[in-house]
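Please read the following briefing alongside the sequence and the 3D structure. It is written for a reader who is new to both.

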Amino acid sequence: MTDHAHSSSPRPVVLASSLWLPRDHSWRRFPSVGLVLAALGLGASLVGGLASPAIRSQLWHSWLVGALFVLSIGLGGLFFVLVHHSTQAGWSVVVRRIGENAMATLPWMALLFVPLLVFGMGDLFHWTHADAVAKDPLLQHKQAYLNSTFFLIRTVAYFAIWTFLALRLGALSRLQDKTGDHNLTRRMRRLSAPGLILFALSVTFFAFDWVMSLDPHWYSTIFGVYFFAGSVMAFFAFMTLIALGQQVLLPRLVNEEHLHDITKLMFAFLVFWAYMAFSQFMLIWYANLPEETGFFAQRLAGSWRPMSIALALGHFVVPFFFLLPRTIKRSPKASTIAALWLLAMHALDMYWLVMPSLHVGGITFSWLDAAALIGCIGVFLAVFGGSLRRQALVPLRDPRLPESITFENV
Amino acid sequence: MGLLRPSLPPGKSFGALAEFADPAELYHACEAVRDAGYTKWDAHTPFPVHGLDRAMGLKPSRLPWVVLVMALGGALAGIGLQGWVSTTAYPLVISGKPFFSWPAFVPVTFELSILGGALGAVFGMFAMNQLPTLYHPLFGKTSFERASDDGFFLSIESWDPKFDPDRTVELLRQLGAKEVELVHS
């Protein structure tokens, strides 16, 4: 909606050079800090975890939790960019680079999954054990899908799709910085629409493969959407933090209006996650069918029960009422607290999804949980930070940039 | 103002009505009227003008609170109804579930809270806009029909403490109104 009343106010004048991360900015250290965290975290995990077979299984489960956490943030970023282009969004141009920098981590996340594919399959997935499959008619029935070869091909396909979309959209966006060609916006849109379909299918089946098949006797058709919802929420939480930093750097470009929209989206996907989580739970609870209840029966027994309740309260009830007021959504301090909290809750969600397949009776924390998570965060931070440094913070010559700068919320 | 006629002492006018050429002029006029200290006045435009609520000095709406209360009320009603029916009125064992089976209660509770919120929003909005108002003195002015077409109007009501028939009209003329007139009911 054009702004009739402000036709006489001056346009802000910004130098293109100021739109890059300043040389002395602390975020320039993301790659080095990230690499150190990755080396320490993943290094210690590998050294300590491979020391004995007893702890090896813990290593791969903790590694998977960490990998899922950082991968989901990258996937959320890819989703944001795809939707931004598909809907020809105007308000988000100024913050789109955050999504682009996050999705730039996706090709590198594949590296995190290589050790799992090469070494961890036996410890993670029950259906890889030929003797177990031979005794189990259900696993035999699923063998056409749940076999190592097809699994590997699918995983490669998922990362290929994400890598292609992330690199292509990132390259076109960077090219537009140089040329200002409006056609590039059209090309990015034309790629994003089918890209969304590929994204939906690949994320759904990735969740089925890498998380749901940890318990191969169980299934839930909504599981892919559940994983997707949590991922996008986690990305918007991450985006809140980065956008706030960007607001300090570029106060005339990024303001409370954009923050408000980002926190609104974080809130919306929080509610969507809760909707998916509860839908999944309620239908299984109500039908009470033995082939479906195992997942929740395990998580509502023993020491898993308090964690499940904590997840319901901490991942939904408390943040929902906290983020409901408009003033909270527009407050940098409150939004930071909410974003950090939701990222922590998302990590807890990933833990709660994976760990019960290792520690069946109850929670058993391990130092590997922390080490692997820190290591994976280090990898993400390093790649994100590298991408952040290598290009302008905003799409310099996006045709919708002026619309984004003058954006005002209701 | 109510359903029928506003309660005015006979002989007194409703207020002043000013027409402006475009939204920008109306916007600046609103800022001036706000700064002049008027409280009982309104702007009439055929489409929403961005930022006009700030120009008018309007306080944030209380409607969100109405929606919140109605939504919580709806949720309470949902839980209350299902809880009472399942535990007290007709305690039946349904597929082995406990009497107060809260997971099964959530869909209805959620939907009733949405319903409460939606009804609160719609009827709250009507009430706060003093709708339905079957008659309004401004409708007597044929020029005012343009308020839903291409006219931008500002009306100051005569029971505003700062209202003065001559000075208020003069102020509106100074602010660039195409036409200012006193409206009689």
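The briefing below treats the contact between the chains, the domains, the backbone, the salt bridges, one histidine and the cysteines.

This is a predicted model, in which local features need pLDDT of at least 70 and side-chain atom pairs count only at pLDDT 80 or more, whereas totals for chains, interfaces and linings use all residues. Residues are numbered from 1 along each chain as its sequence is written, chains are lettered from A and ligands numbered from 1 in the order in which they are written, and side-chain values use heavy atoms, with hydrogens and water left out.

**Contact between chain A and chain B**

- Chain A contributes 14 residues to the contact and chain B contributes 20 residues, where contact means heavy atoms within 4.5 Å.
- About 1500 Å² is buried between chain A and chain B, and 72% of this area is on carbon and sulfur atoms; buried area is the accessible area (1.4 Å probe) that two parts lose on being put together, summed over both.
- Between chain A and chain B there are zero salt bridges, a salt bridge being a side-chain nitrogen of Lys or Arg within 4 Å of a carboxyl oxygen of Asp or Glu.
- One residue pair is in polar contact between chain A and chain B, with both residues at pLDDT 80 or more.
- A polar contact is a pair of N or O atoms within 3.5 Å; within protein, one must be able to donate a hydrogen and the other to accept it, and residues adjacent in sequence count only if both atoms are side-chain atoms.

**Domains of chain B**

- Chain B is divided into domain 1 (13–60 + 133–184) and domain 2 (63–128), with bounds that come from an automatic or database domain assignment.
- The centres of domain 1 of chain B and domain 2 of chain B, taken over C-alpha atoms, are separated by 43 Å.

**Backbone features**

- B:Leu131 and B:Pro132 are joined by a cis peptide bond with omega of about -5°.
- B:Pro132 is placed in the loop between α4 (102–128) and β3 (152–157) of chain B; helices (H or I, at least four residues) and strands (E, at least two) are DSSP runs, numbered from the N terminus.
- A:Gln88 is a residue other than glycine with a positive phi, near 55°, and its place is in the loop between α2 (53–86) and α3 (96–103) of chain A.
- A:Gln88 counts as partly exposed because its relative accessibility is 38%; buried means under 20% relative accessible area, exposed over 50%, and partly exposed in between (1.4 Å probe, protein chains only).
- A:Asn288, also not a glycine, has a positive phi of about 60° and is found in the loop between α10 (256–287) and α11 (290–299) of chain A.
- With a relative accessibility of 47%, A:Asn288 counts as partly exposed.

**Salt bridges**

- Over all chains, the structure holds 14 salt bridges.
- One of these joins the side chains of A:Arg97 and A:Asp177, at 3.0 Å from N to O.
- This pair links distant parts of the chain, with A:Arg97 in helix α3 of chain A and A:Asp177 in helix α7 (residues 148–179) of chain A, 80 residues apart.
- A:Arg97 is buried at a relative accessible area of 1%, and A:Asp177 counts as buried at 12% relative accessibility.
- A network of salt bridges links A:Arg96, A:Arg97, A:Glu100, A:Asp177 and A:Asp398.
- In chain B, the closest N and O atoms of the salt bridge between B:Asp35 and B:Arg34 are 3.1 Å apart.
- B:Asp35 is exposed, with a relative accessible area of 57%, while B:Arg34 counts as partly exposed at 29% relative accessibility.
- B:Arg146 and B:Asp150 form a salt bridge whose closest N and O atoms are 3.0 Å apart.
- B:Arg146 is partly exposed at 31% relative accessible area, and B:Asp150 counts as partly exposed at 39% relative accessibility.

**Surroundings of A:His359**

- A:His359 lies in the loop between α14 (332–354) and α15 (367–390) of chain A and is buried, with a relative accessible area of 15%.
- Leaving aside residues up to four places away in sequence, A:His359 touches A:Gln58, A:Gln298, A:Trp304 and A:Thr364.
- A polar atom of the side chain of A:His359 lies 3.4 Å from the backbone oxygen of A:Thr364.

**Cysteines**

- The structure holds zero disulfides over all chains, a disulfide being a pair of cysteine sulfur atoms within 2.5 Å.
- A:Cys376 is buried, with a relative accessible area of 0%, and B:Cys30 counts as buried at 0% relative accessibility.
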